[in-house]
Amino acid sequence: MSKIHEAFRNGKAFIPFITCGDPDLETTKEAVKAMVANGADLVELGIPFSDPTAEGPVIQGANLRALKGGVTTDKVFDMVRELRKDVTVPMVFMTYANVVYSYGAEKFISTCKEIGIDGLILPDIPYEEKEEFQALCTEYDVNLISMIAPTSENRIAMIAKEAEGFIYLVSSLGVTGVRTEIKTDLASITKVIRQYTDVPVAIGFGISTPEQAAKMAAVSDGAIVGSAIIKILDQYKAEAPAVLGEYVKSMKDAMK
């Protein structure tokens with residue numbers, strides 16, 4: 001069984017997203033530890049890319065700052081090796097197909113296995129084109145995480161039936177970023193997904209407050225938060241880990 005399922009065993013999962021290397025890899029490492037110590041059940045690590053098409057301005061900025069600071073895929077791999085000495089919760093990479101291609105897909109995915117990465121999210125690879133990555137992910141026991149969007153309607157059954165790890169349900173159309181309210185009828189989409197799979201469903205895009213996290217947790221198995229975390233990192237820099245610990249605790253408490 002996928003290790004990712006462990007994240008959903010003790011109630012609703014809180015999943016923070018962090019761009020590796022913004023402001024620097026040492027801060028990323030300390031931030032991950034602080035978030036896990038305060039209740040993060042699974043951590044989504046973003047490998048920076050120059051053209052992150054699914055991201056809004058906040059995470060785009062984090063990607064550019066990290067790249068400017070000299071972050072490479074190899075440096076991120078080394079940071080994960082360090083993290084794995086202390087961190088036992090599941091961790092997944094979120095990046096773009098180009099990053100995997102240019103590194104060499106087999107080398108990238110086999111390294112994920114070696115360093116303890118449990119899953120891979122590639123937002124620019126549609127379900128219909130996942131095969132070339134899927135075979136390698138299966139071979140190296142790394143879950144290729146499926147995304148379902150509000151526009152997936154007729155494709156939900158198809159995507160859900162083959163999903164592994166967890167399903168990333170996109171809350172709203174558009175790019176990532178904090179939203180004041182989320183109007184999509186996510187309960188209905190989750191209901192449809194559950195007809196086809198028992199793989200957990202976590203909702204992401206636009207969640208930033210404890211109230212929103214509680215709402216999302218009420219209709220799914222977990223909440224994913226990215227932009228709000230990046231904003232804290234941008235504001236507090238090296239001091240961010242302590243602030244992030246408190247933030248994650250407030251989100252996790254609201255979801256109980």
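Predicted model: local features only at pLDDT ≥ 70, side-chain atom pairs only at ≥ 80, totals over all residues.
Biologist: Why is H2 called oblique to H10?

Modeller: The axes of helix H2 (residues 57-68) and helix H10 (residues 227-236) come within 9 Å and cross at roughly 50°. Angles under 35 degrees count as roughly parallel and 65 to 115 as roughly perpendicular, and the crossing at roughly 50° therefore makes H2 oblique to H10.

Biologist: Which residues make that contact, and what is the hand of the crossing?

Modeller: The crossing of H2 and H10 is left-handed, and the contact is made by Val 58, Ile 59, Ala 62 and Arg 65 of H2 together with Ser 227, Ile 230, Lys 231 and Asp 234 of H10. By class, this contact of H2 with H10 has 4 nonpolar, 1 polar and 3 charged residues.

Biologist: Which residues of H10 are buried, and what do they pack against?

Modeller: In H10, the residues Ser 227, Ala 228, Ile 229, Ile 230, Ile 232 and Leu 233 are buried, a word that stands for under 20% relative accessible area. The buried residues of H10 pack against strand E1 (13-19), helix H1 (25-37), H2, strand E9 (222-225) and H11. After H10 comes Lys 237, whose phi is positive, near 50°.

Biologist: What makes H1 roughly parallel to H11?

Modeller: The axes of H1 and H11 come within 8 Å and cross at roughly 30°. Angles under 35 degrees count as roughly parallel, and the value of roughly 30° therefore makes H1 roughly parallel to H11. The crossing of H1 and H11 is right-handed, and their contact is made by Thr 27, Glu 30, Ala 31, Ala 34 and Met 35 of H1 and by Pro 241, Leu 244, Gly 245 and Val 248 of H11. By class, the contact of H1 with H11 has 6 nonpolar, 2 polar and 1 charged residues.

Biologist: What does Phe 93 touch, if residues up to four places away in sequence are not counted?

Modeller: On that count, Phe 93 touches Leu 45, Ile 47, Val 76, Phe 77, Val 80, Phe 108, Cys 112, Ile 115, Ile 117, Gly 119, Leu 120 and Ile 121.

Note on methods: Residues numbered from 1 in each chain as written. Heavy atoms only, no water. Contact = heavy atoms within 4.5 Å. Axes fitted to C-alpha atoms, helices over the stretch in contact; angles between N-to-C directions. Helix = DSSP H or I, 4+ residues; strand = E, 2+ residues; numbered from the N terminus. Parallel < 35°, antiparallel > 145°, perpendicular 65-115°, else oblique. Left-handed = near helix turned anticlockwise from the far one by under 90°. Nonpolar A, V, L, I, M, F, W, Y, C, P; charged D, E, K, R; others polar. Buried < 20%, exposed > 50% of the residue type's maximum accessible area, 1.4 Å probe, protein only.
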